[in-house]
Amino acid sequence: MKWTVEYYSENVQDWVSKMPVGIRAAYAKLTGLLVEFGMDLRLPHSRAMGDGLFELRPKGREGIARIFYCTLVGKRIVVLHGFIKKTEETPRKELEIATRRMKEVKNERQKR
């Protein structure tokens with residue numbers, strides 16, 4: 001069974017669809033690899049950020065994006081948040097948003 005990709009919200013999905021075309025193409029390729037390989041996808045494509053949070057690392061001629069995701073039972077990947085990278089380090093604010101959303105998604109799913 002392959003993995004499935006879903007989005008935290010329509011806003012996140014909309015943001016992804018409006019990324020620059022080169023970065024969006026790289027994201028599409030990486031998402032395909034995620035569907036195929038799931039948690040086996042590693043650097044340089046994906047990196048564990050700790051506590052179940054991961055980042056996808058699409059790169060295009062327009063720049064670099066970081067897209068945070070987590071996994072849920074049933075081979076489900078939830079895209080939580082993303083940003084276009086402008087500095088060497090991941091801004092704390094971006095990481096906090098992704099972490100908060102991951103906790104929300106995991107708590108919501110456990111209640112069901």
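The legends below describe views of a predicted model of one protein chain. Local features need pLDDT of at least 70, side-chain atom pairs count only at pLDDT 80 or more, and totals for chains, interfaces and linings use all residues. Residues are numbered from 1 along each chain as its sequence is written, and side-chain values use heavy atoms, with hydrogens and water left out.

**View 1. Secondary structure and extent of the protein chain.** Three helices and six strands make up its secondary structure (DSSP runs numbered from the N terminus: H or I of at least four residues for helices, E of at least two for strands). In sequence order the pattern is β-α-α-β-β-β-β-β-α. The radius of gyration, taken over C-alpha atoms, is 13 Å, close to the 13 Å from the globule rule for 112 residues, so the protein chain is as compact as a globular protein of that length. That rule is 2.2 Å times the number of residues to the power 0.38. The C-alpha trace spans about 40 × 30 × 25 Å along its principal axes.

**View 2. Serine 46 in strand S2.** Strand S2 covers residues 46-50 and includes serine 46. Serine 46 is buried, at 2% relative accessible area (buried means under 20%, with a 1.4 Å probe and protein chains only). Of the 112 residues in the protein chain, 38% are buried.

**View 3. Surroundings of serine 46.** Leaving aside residues up to four places away in sequence, serine 46 touches Leu41, Phe54, Glu55, Leu56, Arg57 and Tyr69 (contact means heavy atoms within 4.5 Å). A polar atom of the serine 46 side chain lies 3.4 Å from the backbone oxygen of glutamate 55.

How values were computed. Buried means under 20% relative accessible area, exposed over 50%, partly exposed in between (1.4 Å probe, protein chains only). A polar contact is a pair of N or O atoms within 3.5 Å; within protein, one must be able to donate a hydrogen and the other to accept it, and residues adjacent in sequence count only if both atoms are side-chain atoms.
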